[in-house]
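Dear colleague,

Please find below the structure that I am handing over to you. My notes on what was found in it follow directly after it.

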Amino acid sequence: MNSIKIKGLTAIVSGLLVIGCGKRDGGEGDGQTTNIQNKGSDTMLQLAQAWSEMYAKKNPDVRVAVSGGGSGTGIAGIINGVVDIANCSRAMKPGEAEKAKEAHGVEASQFIMGLDCLAVYVHKDNPLEKITIEQLGQIFGEDGTITKWSQLGVDPPEGKDEIVRLSRQSNSGTYVYFKETVIPEGKSFKPGSLDMHGSKEVVELTAKTPGAIGYSGMGYATDEVKMLLVAKKDGEKAFAPNNENALSGDYPIARPLFMYTLGKPKPHVKAYLDWCLSPEGQKVVEATGYVPAPKK
Amino acid sequence: MELQRTKWKAFYEGLIEWIIRICGISAVIFVFAIFIFVFWEGKGLLFSENFSVWELLTSEKWDPTHEPASFGAARIILGTFSVAILAMTIAVPFSLGGAIFISEFCGTRLKEILKVVIELLAAIPSVVWGFIGLTIMSILIRDLGSTTGLSVLNGAIILALMSMPIILSISEDALNAVPDSYREAAIGLGVTRWQMVYRVLLPGAKKGLLAAVLLGMGRVVGETMAVLMATGHALNNPFDSTFPFFHALTEVKTLTATIASEMGEVERGGDHWQVLFLIGVLLFTITFIVNMTAHFVVHGVKRK
């Protein structure tokens with residue numbers, strides 16, 4: 001709650017700052033400073049900020065104001081026409097796309113900016129090394145049959161055989177992606193998982209709970225937890241979560257990170273997006289713990 | 001000159017009176033404005049065909065982002081009540097005992113120290129309480145047989161500690177408000193101190209004590225951050241048909257935590273967004289019922 005408040009406050013403050021700046025040095029057509037409003041996913045916040053800072057150094061006349069608040073908040077900004085670029089760690093929903101079209105008569109354009117490789121975390125003392133998508137589906141999915149560590153052929157950690165499932169709140173981009181990829185179609189999550197409020201919280205609780213299993217971006221790994229190798233099917237080779245495996249498509253749970261603009265991006269916005277996708281911009285992606293976007 | 005001054009005075013008086021009147025009414029206006037706003041945001045879903053209030057209150061399936069979505073908050077409601085009731089069970093005896101001790105049994109010096117310390121307890125922010133629940137309490141509770149330590153019990157203990165300063169200080173005021181003549185009369189009749197507390201002070205301060213407990217209850221039901229961190233936020237029903245019917249070591253979700261955790265990334269204006277506002281309406285209704293009950297109980301006491 002408090003973090004939401006702080007984020008909200010940051011958004012308001014940065015918004016005010018931008019308005020202030022616009023009045024001071026924006027001017028009518030004097031071409032001094034151009035502002036780009038960039039808002040959305042908390043997963044992408046660090047990345048977007050790093051981009052904005054780098055870009056400001058190279059182009060002092062363009063200011064990219066970045067704020068978080070969640071994927072939904074960014075899309076809402078596009079619909080209300082107050083945001084130039086929305087960061088989104090899930091694809092736009094049909095309902096949202098419709099609303100944007102209704103409000104402005106143009107469709108939103110989608111850009112894939114990089115990949116987020118989701119890792120499956122267990123406690124560092126857990127002897128399990130690899131897991132299949134199917135097993136994950138049976139653990140996390142509705143009516144799934146796997147509830148005990150012994151069913152995976154592992155001695156119960158600290159004598160507690162029950163698998164503690166750590167998940168995310170139901171509208172986080174991470175949750176939605178994990179559900180689409182891992183849970184059998186038409187099913188939902190098994191109720192009773194601990195729905196954590198952030199990627200970092202999942203990893204932290206996994207580190208403290210010997211019987212836990214959870215999922216989060218690979219950038220959140222610490223020494224206290226172990227990342228499992230993941231195989232698509234039983235009998236197939238299992239792959240570790242890393243850049244090569246995500247790019248080659250061998251690692252099965254890596255999701256795209258999107259940016260959306262309303263209609264075709266304006267020239268200065270397009271220049272920014274092109275720079276983010278350039279080799280220089282993609283280096284930032286790697287530095288912040290994500291995987292560069294696949295080349296077209 | 002004389003006349004002018006009185007005119008000015010009358011105007012001045014009238015102005016002040018109006019300002020005070022507006023201050024008095026503003027609380028009512030705010031409450032209604034908030035209720036109407038929250039209700040307005042959720043009304044689209046409330047009156048739509050594929051939604052029923054009955055389902056929201058009784059269905060155990062909460063899956064707002066699935067296709068088709070199911071909005072059943074029964075488990076969340078049970079989670080809220082289980083945490084609140086257990087918290088009150090822990091907090092009320094301790095707070096009332098503490099209030100009786102501070103107002104009747106301890107010396108002036110100790111009284112001052114205790115009151116300051118209790119006020120300090122009230123000043124701790126709820127994130128800090130949540131953090132204590134997440135890190136310290138969870139390890140202690142894990143030894144009782146829980147896998148994560150995050151549970152109804154954890155949340156209830158934290159909430160009990162948070163509501164105790166409120167209940168305690170208001171109860172103490174209520175006990176102090178009992179006239180000394182009652183005490184003197186009781187002691188004059190030769191009763192022990194305990195008999196005096198039990199037979200004279202508690203009945204005398206009944207109204208204030210009830211108000212204290214209900215204010216504490218309000219804090220417990222409405223608290224968000226600490227319960228979000230301490231209860232584990234999992235969709236479980238802590239009640240079932242096997243002995244002992246209530247399992248204090250299960251992880252649960254509460255109404256407040258659900259709103260806080262899901263609001264951030266939700267599609268604005270969508271069904272999920274609206275159902276979260278309806279949960280807000282539900283919370284509002286619960287506190288309203290608690291307060292109305294208090295009002296009627298107190299009135300009943302008064303009439304006697």
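I begin with B:Lys253, which is buried because 28 other C-beta atoms lie within 10 Å of its own. The term is used as follows: a residue is buried if 20 or more other C-beta atoms lie within 10 Å of its own, exposed if 12 or fewer, and partly exposed in between, with C-beta atoms placed from the backbone. Please note that this is a predicted model, in which local features need pLDDT of at least 70 and side-chain atom pairs count only at pLDDT 80 or more, while totals for chains, interfaces and linings use all residues. Residues are numbered from 1 along each chain as its sequence is written, and chains are lettered from A and ligands numbered from 1 in the order in which they are written.

Surroundings of B:Lys253

B:Lys253 belongs to the loop between α10 and α11 of chain B. Helices (H or I, at least four residues) and strands (E, at least two) are DSSP runs, numbered from the N terminus. Leaving aside neighbours within four places in sequence, B:Lys253 is in contact with B:Arg75, B:Ile76, B:Gly79, B:His233, B:Ala234, B:Leu235 and B:Thr258. Contact here means that the C-beta atoms of two residues, placed from the backbone, lie within 7 Å. Between the C-alpha atoms of B:Lys253 and B:Ala160, 93 residues apart along the chain, the separation is 17 Å.

One of these contacts, B:His233, lies in the loop between α10 and α11 of chain B. B:His233 has a positive phi of about 50° although it is not a glycine. Most residues other than glycine have a negative phi. B:His233 counts as buried because it has 27 C-beta neighbours inside 10 Å.

The buried residues are B:Leu255, B:Thr256, B:Ala257, B:Thr258, B:Ala260, B:Ser261 and B:Glu262.

How many residues of chain B are in contact with chain A? There are 27, and they meet 30 residues of chain A. On the side of chain B that touches chain A, α10 (225–230) and α11 (255–262) of chain B each supply at least two residues. The largest share of that side, three residues, comes from α11(B). The residues of the side of chain B that touches chain A divide into nine nonpolar, twelve polar and six charged. In this division Ala, Val, Leu, Ile, Met, Phe, Trp, Tyr, Cys and Pro count as nonpolar, Asp, Glu, Lys and Arg as charged, and the others, Gly among them, as polar.

The nonpolar core

The largest nonpolar core has 141 residues, and those with the most contacts inside it are B:Ala87 and B:Leu159. Such a core is a set of buried Ala, Val, Leu, Ile, Met, Phe, Trp, Tyr and Cys residues joined through C-beta atoms within 7 Å. Helix α6 (residues 152–176) of chain B gives the largest share of this core, 16 residues. Not counting residues up to four places away in sequence, B:Ala87 touches B:Ala156, B:Leu159, B:Ala160, B:Ser163 and B:Val220.

Chain A

Chain A has ten helices and 13 strands, and buried residues make up 45% of its 296 residues. An open sheet of three strands has the order β5-β10-β11 (chain A), with mixed pairing. Two strands pair if DSSP finds at least two bridges between them. The edge strands, each pairing on one side only, are β5 (130–132) and β11 (238–239) of chain A. Three bridges join β5(A) to β10 (residues 229–231) of chain A, and these strands run parallel.

Seven of the ten residues of helix α7 (residues 199–208) of chain A are buried, so α7(A) is largely enclosed by the rest of the structure. By contrast, A:Asp143 counts as exposed because it has 9 C-beta neighbours inside 10 Å. A:Asp143 is found in the loop between α5 and β6 (164–168) of chain A, and its phi is near 60°, a positive value in a residue other than glycine.

Confidence in chain A

The mean pLDDT of chain A is 82, and 89% of its residues reach 70 or more. This score is the predictor's confidence in each residue, from 0 to 100. Over residues 1–5 of chain A the pLDDT is below 50, and it stays under 50 over residues 13–30 of chain A. Where pLDDT is low, the predicted coordinates should not be read in detail.

With kind regards
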